[in-house]
Amino acid sequence: MTEFSHYVPGEYARENIRITETELSDGRQFFYLDDDPDYVSGEKRRELKDPRHLANRFELGIDGEGKPMPVQAPQMRRDPLTGDWIPMATARMNRPITAGPGATATGNPLAARKPGDPYQDGEVPDSDYDVVVFENRFPSMNRIPGVPDQVTYVDGNPLWEQRPAVGRCEVVCFDPGETSLPADLPVSRLRTVVEAWAFRTAELSAINGIEQVFPFENHGQEIGVSLAHPHGQIYCYPFIAPRMEQELRQSEAYHERTGSNLLRDILKGEVEAGERLIMRNSTWMAYVPAAARWPLEVHAQPVRDDVLTLDQLTDDERWGLAQMYSTLLKRGNAFFDKGDGKGMDLPYIAAWHQAPVKDPRREDYRLNLQFFSFRRAANKVKYLAGSESGMAAWISDTTPEKIAARFHELGPIDIDD
């Protein structure tokens with residue numbers, strides 16, 4: 001396996017996963033993560049050359065009058081009312097869309113390359129793959145060489161700070177199957193996805209200016225997914241995201257008040273209460289939080305204390321996570337009954353909350369998954385109304401106990417084989 005500066009593979013990954021790095025034709029980093037034994041052994045090799053002829057993403061362009069046109073760098077502005085940084089990336093308006101109304105692409109850019117296919121602007125050089133990770137072609141945040149990371153002011157007014165959005169955005173493709181569902185992937189493939197999250201967390205955390213690494217998965221048209229392919233993303237923020245900032249404040253205040261870790265005590269409390277605990281194996285526990293916002297919401301934490309980030313998980317914990325995530329996705333799809341007993345392809349967001357990179361409050365935090373769906377019935381979606389959208393004051397359509405009770409109907413709490 002290729003050696004990296006900060007990622008250290010465990011025994012399983014060293015023997016069963018091969019990471020191969022290459023570069024796409026516009027200069028973006030690209031990684032194959034193979035679990036196929038023929039590729040792990042080196043008997044087979046992946047295609048490394050991107051056959052497209054894309055302009056280097058950092059080179060000056062030429063406008064309609066033949067004059068040099070600078071690279072379009074994402075910017076962000078700070079909201080003086082909340083203190084939040086808001087990235088503004090106009091280049092994302094040009095990204096291809098293959099899902100839902102208004103689809104603009106005639107092919108899938110996340111699919112493996114198909115010889116003879118008329119759509120040849122795919123991001124994967126090879127005609128097959130297991131898991132791949134690469135820099136997003138239309139990033140919300142990106143560091144442009146030569147552009148100083150300095151605060152300036154909109155209209156020269158110090159009320160409105162602005163600076164380059166010097167983060168990074170990556171795509172993680174879980175499987176080459178264009179119509180496969182993450183819930184249907186074997187646990188062994190999800191184990192490779194977990195390794196991808198750990199690998200990238202370790203490497204991305206070392207990039208200058210990155211404050212938070214956020215792996216997540218959007219799934220389903222109702223969520224706003226633009227590419228219907230089993231994939232997730234990793235956002236690397238040059239700031240602490242608002243939700244994380246709230247959680248860090250609460251965790252720090254709780255530690256100062258009690259000397260204890262808030263997330264650990266939440267997990268302990270859910271285990272003691274029992275009613276909202278929905279799944280556990282030897283390394284992970286999942287529960288419906290006592291103050292759940294969404295009509296379907298599940299949080300999960302590792303059993304072991306002091307796990308701050310995905311790259312700190314042991315081999316056993318990575319396997320336990322793959323097993324629990326697979327079970328959660330399957331039960332999520334069965335959660336809403338349409339009357340035929342077949343369930344549905346649940347729209348969901350899976351958000352990895354891990355300790356920030358440098359913030360000193362990271363020691364009071366703990367790795368956790370927050371999984372939720374907008375779906376509130378087989379034929380209904382929860383839309384954010386005035387209270388939620390206008391004031392961020394949630395009103396739940398159900399209770400955490402009812403959510404947990406439904407999960408208890410779908411399978412046992414103990415999921416170890």
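Author: Happy to. Let us begin with a term: a residue is called buried when its relative accessible area is under 20%, exposed when it is over 50%, and partly exposed in between, using a 1.4 Å probe and protein chains only. Helices (H or I, at least four residues) and strands (E, at least two) are DSSP runs, numbered from the N terminus. Please keep in mind that this is a predicted model, in which local features need pLDDT of at least 70 and side-chain atom pairs count only at pLDDT 80 or more, while totals for chains, interfaces and linings use all residues. Residues are numbered from 1 along each chain as its sequence is written, and side-chain values use heavy atoms, with hydrogens and water left out.

The part I have picked is helix H5, residues 262-273. The expected span of a helix is 1.5 Å times one less than its number of residues. For the twelve residues of H5 that gives 16 Å, and the end C-alpha atoms are 16 Å apart, so the two values agree. Four residues of H5 are buried, namely Leu262, Leu263, Leu267 and Glu270. Because they cover an arc of only 140° around the axis, they lie on the same side of H5; the arc is that of the directions from the helix axis to the C-beta atoms. Turn to the other side of H5 and you will find Lys268 and Glu272, which are exposed.

Just after H5 comes Gly274, which takes a positive phi of about 80°.

Most residues other than glycine have a negative phi. Asp306 is not a glycine, yet its phi is positive, about 70°. You can find Asp306 in the loop between E15 and H6, and it counts as exposed because its relative accessibility is 63%.

Now let us step back to the wider setting. The domain assignment gives domain 1 (9-55 + 67-240) and domain 2 (241-408); such bounds come from an automatic or database domain assignment. The centres of domain 1 and domain 2, taken over C-alpha atoms, are separated by 24 Å. Their contact takes 36 residues from domain 1 and 35 residues from domain 2.

A nonpolar core is a set of buried Ala, Val, Leu, Ile, Met, Phe, Trp, Tyr and Cys residues joined through side-chain atoms within 4.5 Å. The largest one has 59 residues, and Leu33 and Phe371 have the most contacts inside it. Helix H3 (residues 187-204) gives the most to this core, with eight residues. This core also draws at least three residues from each of domain 1 and domain 2.

Not counting residues up to four places away in sequence, Phe371 touches Leu296, Glu297, Val298, Leu328, Leu329, Leu346, Tyr348, Ile349 and Ala350. There is also a second, separate core of 19 residues, which includes Met76, Val225, Tyr235 and Val381.

H3 has 18 residues and reaches 25 Å from its first C-alpha to its last, close to the 26 Å expected. H3 is mostly covered, with 16 of its 18 residues buried. Helix H6 (residues 315-334) has 20 residues, which should span 28 Å, and its end C-alpha atoms are 29 Å apart, in agreement. H6 is mostly covered as well, since 16 of its 20 residues are buried.

To return to your helix: H5 has a buried side with Leu262, Leu263, Leu267 and Glu270, while Lys268 and Glu272 are exposed on the other side.

Notes:
Contact = heavy atoms within 4.5 Å.
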